[in-house]
Amino acid sequence: MTKDLGPKIPSSEITPRDVYLSRRRFMGGTLAVGALAASSAWGATPAQALTFSQTAFPKPADAVTDRALATTYNNFYEFGTSKADPARNAGKFNTKPWTIEIGGEVAKPKTIGVEELLKFDLEERVYRLRCVEAWSMVIPWIGFPLLKLLAQVEPTSKARYVKFTTASKPDEMPGLSYRVLEWPYTEGLRLDEAMHPLTLLTLGMYGDVLPNQNGAPVRIVVPWKYGFKSAKSIVRIDLVADEPKTAWNSAASNEYGFYSNVNPAVDHPRWSQKRERRLPGFFANHDTEPFNGYGEQVASLYAGMDLTKFY
Ligand code: MTE
């Protein structure tokens, strides 16, 4: 078995960053904390200032996927169903101004602009994104744990799930004229999944703001789940009592479950999930790891659940 990704991350490393950093200081560590200008890391010229820290999160051993590939081989059905469509068709997508409305079962609903989101402590995290179609990429994302935003709105005791609703702009998204999915694209997580420190509200990648085709200006990335759970271009977040309907689950519930944790032991009805094609490779060249390699951090969320039933 190939074992080249090492996200067997010590628990210290997935503690929310402030706690982790203050703990390190308390221990007398000499950890360097510095916000870097976004431009240098990946040779990209930032369209917008993005300040983030590179110190808190361990980089896996995997080679980072070329930016050119990660921004031209995409799933974003609002711009078309082929992998090349989003880069080709998302140029007219206007993401300014942009706000996210947060409501539902919360004590303090609010509308927040991207400018405010950019003021959170942003950090770079290299996560692998494993698509349900059995390919994967390794991407340096920039964002902050979603839990920090959810804490601000104070979920009530009735809140058990989080529903994400994404943009639906027919004039700018040509894929919306085809009813391949129910629009707007929606996704959901259980509240404890959404509050897990690995779940990243993401504003950038490769040292720069997100390109339109990757979910500008704000998406989530849930590294232990199949890629479709990572909703792009989010406009609403609702805290809800019941498991929300989601776009892929509504389209084919036997193929795309609500949980969709990366699981080599549960095949998709039309293909195996045991191996994956790490792009740019042509063939399945890696074994798929349970929870995409993050089992140590997240498996306890599913203790006692039959993951062949809750796929
Ligand atoms: N979000 C929206 N709004 N629409 C989509 O079609 N596709 C999902 C997910 N988020 C999708 C979406 C799927 S299937 C995958 S694999 C990932 O986005 C792909 O993210 P990437 O193109 O940045 O690699």
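## Ligand contacts

In this predicted model, a polar side-chain atom of Glu78 lies 2.8 Å from a nitrogen atom of the ligand; a polar contact is a pair of N or O atoms within 3.5 Å. A polar side-chain atom of Asn74 is 2.8 Å from a ligand oxygen atom, and a polar backbone atom of Ser230 is 2.9 Å from a ligand nitrogen atom. The protein buries 98% of the 530 Å² that the ligand exposes when taken alone (Shrake-Rupley method, 1.4 Å probe).

## Ligand shell

Around the ligand are 16 residues, of which Asn74, Tyr77, Glu78, Arg219 and Lys232 come nearest (a heavy atom within 4 Å).

## Confidence and conventions

The protein averages a pLDDT of 87, and 84% of the residues score at least 70 (the predictor's confidence in each residue, from 0 to 100). Over residues 1-46, pLDDT stays under 50. Where pLDDT is low, the predicted coordinates should not be read in detail.

Residues are numbered from 1 along each chain as its sequence is written, and side-chain values use heavy atoms, without hydrogens and water. Local features need pLDDT of at least 70 and side-chain atom pairs 80 or more, while totals for chains, interfaces and linings use all residues.

Technical notes
A polar contact is a pair of N or O atoms within 3.5 Å; within protein, one must be able to donate a hydrogen and the other to accept it, and residues adjacent in sequence count only if both atoms are side-chain atoms. Contact means heavy atoms within 4.5 Å.
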